[in-house]
Amino acid sequence: MLSFTMERVLIIGAAGQLGSELTQALVTIYGGDNVIATDIQPQALEKFDYCRTKVLDVMDKEAVKGLVKTENVKQIYHLAAVLSATGEKNPLFAWQLNMDSLLSVLELAREEKLDKIYWPSSIAVFGPNTPKVNTPQYCVKEPNTVYGISKQAGERWCEYYFQKYGVDVRSLRYPGLIGYKSLPGGGTTDYAVDIYHKAIAGEHFVSFLKEDTYLPMMYMPDAIKATLNLMHAPRENVKIRSSYNLAAISFSPKEIFESIKIHYPDFSISYAPDFRQAIADSWPDSIDDSRAREDWGWEHEYSLEKMTEDILKHLPSYSF
Ligand SMILES: NC(=O)c1ccc[n+]([C@@H]2O[C@H](COP(=O)([O-])OP(=O)(O)OC[C@H]3O[C@@H](n4cnc5c(N)ncnc54)[C@H](O)[C@@H]3O)[C@@H](O)[C@H]2O)c1
């Protein structure tokens with residue numbers, strides 16, 4: 001069994017879709033006294049009754065620094081961001097939040113000699129000129145959303161801080177994340193979360209993507225496993241310091257619908273593509289994540305069918 005030093009861990013943007021589940025997993029490892037879940041939304045922090053919490057705006061550099069110093073924080077998981085669909089509605093704000101917050105966290109890690117930083121990237125770093133099938137780790141990246149541009153620039157800064165200052169920053173290019181424990185935060189893959197809620201409520205589902213739009217996706221337990229495996233891998237095994245390609249499953253709205261219809265035969269769907277179709281069309285269909293598999297032993301567990309079964313088993317009785 002692996003053992004971990006009981007270091008203080010700070011999670012920024014903890015109350016979102018990823019943070020809600022990652023915080024739980026980190027508490028299991030480090031203990032509730034050593035994990036500080038922070039977010040800009042005070043009410044959203046109320047669900048964390050099993051660890052320490054604090055309202056924190058990542059843009060307030062002095063507040064972040066003060067917390068890191070007084071609490072002797074050694075690791076930061078920086079999850080706060082404006083996501084792809086929301087970013088297109090306010091591009092300059094998305095750039096400001098996504099970039100300034102990453103740079104100030106990296107700078108803090110350098111100044112305070114923090115042990116490790118985690119910062120998620122995304123398949124949004126790819127663009128329309130990227131090979132769409134089995135997208136390689138290294139290839140043309142010309143993202144055309146402000147979210148993708150901010151993630152691509154962020155990756156370059158992560159590698160820069162590692163090369164130049166030795167900051168141990170680690171990152172994954174998540175595909176669309178699907179979980180049932182929180183509602184999604186404004187991404188292009190959100191439909192694949194909403195569809196389960198509609199099925200269980202007995203409602204018709206209108207997909208904002210066309211029926212044959214394939215996108216790389218991942219069930220949240222796999223995303224949490226990948227994140228923790230990467231963060232606990234020996235430093236020398238983490239050979240990519242921009243961000244690792246990461247993959248599990250790829251499916252279309254029609255395929256996820258069919259996987260649900262097996263359990264809910266009356267469920268119905270129609271398609272009304274909106275502005276998110278263009279974002280989805282610029283992203284890969286599937287991802288080659290062989291470097292993650294080789295360097296630190298990544299393996300996904302959930303297929304589409306297994307994920308659907310698990311969500312439909314737990315979501316009806318889950319309270320938010
Ligand atoms: N969810 C996905 O499918 C997905 C896919 C790829 C990458 N990612 C990345 O993972 C990370 C987390 O994504 P998520 O889906 O949990 O997002 P989310 O929108 O659900 O959560 C983000 C959280 O950050 C908080 N936040 C916003 N502004 C803040 C600020 N100024 N200071 C502190 N907190 C602030 C929000 O209140 C929210 O709770 C992001 O970096 C995102 O780009 C997510």
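In which helix does Ser 104 lie? Ser 104 is found in helix α4, which spans residues 91-112; helices (H or I, at least four residues) and strands (E, at least two) are DSSP runs numbered from the N terminus. The model is predicted, so that local features need pLDDT of at least 70 and side-chain atom pairs count only at pLDDT 80 or more, whereas totals for chains, interfaces and linings use all residues. Residues are numbered from 1 along each chain as its sequence is written, and side-chain values use heavy atoms, with hydrogens and water left out.

Ser 104 counts as buried because its relative accessibility is 14%; buried means under 20% relative accessible area, exposed over 50%, and partly exposed in between (1.4 Å probe, protein chains only). The side chain of Ser 104 reaches the backbone oxygen of Ser 101 at 3.3 Å. Apart from neighbours within four places in sequence, Ser 104 is in contact (heavy atoms within 4.5 Å) with Val 58 and Lys 61.

The domain assignment of the chain gives domain 1 (8-176 + 218-245) and domain 2 (178-216 + 249-317); such bounds come from an automatic or database domain assignment. The centres of the two domains, taken over C-alpha atoms, are separated by 23 Å. Across the boundary, 43 residues of domain 1 are in contact with 40 residues of domain 2.

Helix α11 comprises residues 304-314, and its buried residues are Leu 304, Met 307, Thr 308, Asp 310, Ile 311 and Leu 312. The cover over these buried residues includes β9 (176-178), α6 (191-201), β11 (215-219), β13 (249-251) and α8 (253-261).

The ligand is surrounded by 27 residues, of which the closest are Gln 17, Leu 18, Asp 39, Gln 41 and Tyr 147; a residue is near a molecule if one of its heavy atoms lies within 4 Å of it. Polar contacts are pairs of N or O atoms within 3.5 Å; within protein, one atom must be able to donate a hydrogen and the other to accept it, and residues adjacent in sequence count only if both atoms are side-chain atoms. A polar backbone atom of Leu 18 lies 2.8 Å from an oxygen atom of the ligand, and a polar backbone atom of Gly 16 lies 3.1 Å from a ligand oxygen. A nitrogen atom of the ligand is 3.4 Å from a polar backbone atom of Ile 40. Taken alone, the ligand exposes 840 Å², of which the protein buries 91%. Two or more residues of the shell are given by each of α1 (17-30), β6 (121-122), α5 (146-165) and β9. By residue class, the shell divides into 15 nonpolar, 9 polar and 3 charged residues.

Helix α1 also holds Thr 28, which is exposed because its relative accessible area is 69%. A polar atom of the Thr 28 side chain lies 2.9 Å from the backbone oxygen of Gln 24. The C-alpha atoms of Thr 28 and Pro 42, 14 residues apart along the chain, are separated by 23 Å.

Most residues other than glycine have a negative phi. Asn 72, in the loop between α2 (61-70) and β4 (73-78), has a positive phi near 55° and counts as partly exposed because its relative accessibility is 47%. A positive phi near 55° is also found for Asn 134, which is placed in the loop between β6 and α5. Asn 134 is partly exposed, with a relative accessible area of 48%.

Notes. Accessible areas come from the Shrake-Rupley method with a 1.4 Å probe; for residues, only the protein chains shown count as cover. Ala, Val, Leu, Ile, Met, Phe, Trp, Tyr, Cys and Pro count as nonpolar, Asp, Glu, Lys and Arg as charged, and the others, Gly among them, as polar.
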